[in-house]
Amino acid sequence: MPQLHEHVRTVATPQAQPVAPSFDEASLVVPAVASVQNLRIGDTDGAELVHGVDLQVRPGEAVGIVGESGSGKTLTCRALLGILPPGLRITSGTVTIDGVDLTDPASARWRGVRGRRIGAVFQDPASYLNPAIRVGDQLEEVLRVTAGVPRAQTRDRAHDLLDGLGLRDVDTVLRRRVAELSGGMLQRIMIAIALAADPAILIADEATTALDVTVQAELLDLLRTLRLERGLALILVSHDLAVVSQVCERVAVFRDGRIVEAGGTNRVLRAPGHPYTRQLLAAHAEYGLERYLR
Ligand SMILES: Nc1ncnc2c1ncn2[C@@H]1O[C@H](COP(=O)(O)OP(=O)(O)OP(=O)(O)O)[C@@H](O)[C@H]1O
Ligand SMILES: [Mg+2]
């Protein structure tokens with residue numbers, strides 16, 4: 001939401017030189033690449049798990065999602081990706097990619113496009129890869145099937161993709177299987193797979209949580225670079241407010257299937273308006289969050 005004083009300034013000085021829009025003002029006029037509006041998710045027994053969530057992500061922006069375990073962060077992301085777990089469904093609201101509402105039966109063709117516009121990485125990369133097959137072959141398969149790269153070019157493209165992610169010794173890595181690679185390396189492979197079709201937005205759901213701090217910092221750097229180089233938008237789900245404050249300019253605080261507070265990261269973390277956000281911040285105080293705020 002724009003700050004009240006920004007409106008006052010605009011109204012009071014209509015003849016003034018144009019000022020660069022603040023982040024929030026700019027975000028009002030740029031169409032979202034992905035959004036959910038009044039998203040409700042329920043199970044087959046009629047219980048509701050997500051109670052009307054609104055979230056918009058504009059091209060190139062990074063939005064953090066924080067909040068306690070079970071608050072609906074992952075389900076919201078999975079609704080965007082079109083992969084809700086069995087037994088759960090969207091009961092109302094819209095899920096929009098590039099302005100097309102994918103919950104509308106008339107947009108069936110578009111649902112196939114979703115996988116090319118949004119990529120995702122999760123906490124446990126090993127569980128998304130086949131242990132028996134070389135990771136390079138799996139990446140090539142995704143390049144062929146999802147990105148439509150001709151078979152003769154997939155090897156070079158796989159190489160280029162990992163090279164572009166700053167990996168050394170790419171050929172050796174591509175020949176390895178899951179058991180032969182570290183968690184950080186596997187997450188890089190997953191990021192490469194998620195980026196295979198050159199999506200506009202990447203969802204990283206606790207993607208660095210299980211990694212040691214050095215590897216976590218390297219991956220966060222990688223995400224920042226991808227934003228700068230590709231204009232990639234990000235949804236970063238994390239329990240760690242310090243991580244979110246380093247990467248995201250906006251943040252949404254989830255609790256019990258709702259967003260209790262959202263706004264610019266600095267504003268939310270410096271001047272939280274909701275008691276739950278204050279509680280989350282208090283729990284983080286010992287980690288020195290202050291040094292990441294601008
Ligand atoms: N497959 C499922 N079937 C039934 N309920 C589910 C399923 N997946 C999640 N839920 C429930 O939906 C709610 C939201 O879950 P979700 O996974 O979105 O939480 P989260 O905020 O991602 O939590 P965490 O931080 O632990 O990952 C929780 O109450 C959870 O128990
Ligand atoms: Mg989750």
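The model is predicted, so to speak of local features takes a pLDDT of at least 70 and side-chain atom pairs count only at pLDDT 80 or more, while totals for chains, interfaces and linings use all residues. Residues are numbered from 1 along each chain as its sequence is written, and chains are lettered from A and ligands numbered from 1 in the order in which they are written.

Strand 7 and strand 8 (residues 233–237) run parallel and are joined by 5 bridges; two strands pair if DSSP finds at least two bridges between them. Strand 6 (residues 118–121) also runs parallel to strand 7, with 4 bridges, and here Gly 119 is partnered with Leu 202. Together with helix 9 (residues 213–230), strands 7 and 8 make a right-handed β-α-β unit: with the strands pointing away from the viewer, the path from the first strand over the helix to the second runs clockwise.

Is strand 7 (residues 201–205) largely enclosed or open? It is largely enclosed by the rest of the structure, because 5 of its 5 residues are buried. A residue is buried if 20 or more other C-beta atoms lie within 10 Å of its own, exposed if 12 or fewer, and partly exposed in between, with C-beta atoms placed from the backbone. Ile 201, Ile 203 and Asp 205 cover one side, and Leu 202 and Ala 204 the other.

Ile 201 turns up again in the largest nonpolar core, which has 71 residues; Ile 201, Leu 234 and Ile 235 touch the most other members. Such a core is a set of buried Ala, Val, Leu, Ile, Met, Phe, Trp, Tyr and Cys residues joined through C-beta atoms within 7 Å. Helix 8 (residues 183–194) gives the largest share of this core, 7 residues. Leaving out residues up to four places away in sequence, Ile 201 touches Val 33 and Ala 233, among others; contact means C-beta atoms, placed from the backbone, within 7 Å.

Val 33 and Ala 233 are also among the contacts of Pro 59, leaving aside neighbours within four places in sequence. Pro 59 sits in the loop between strand 2 (48–57) and strand 3 (62–67). Pro 59 counts as partly exposed because it has 15 C-beta neighbours inside 10 Å.

How values were computed. Helix = DSSP H or I, 4+ residues; strand = E, 2+ residues; numbered from the N terminus. Contact = placed C-beta atoms within 7 Å.
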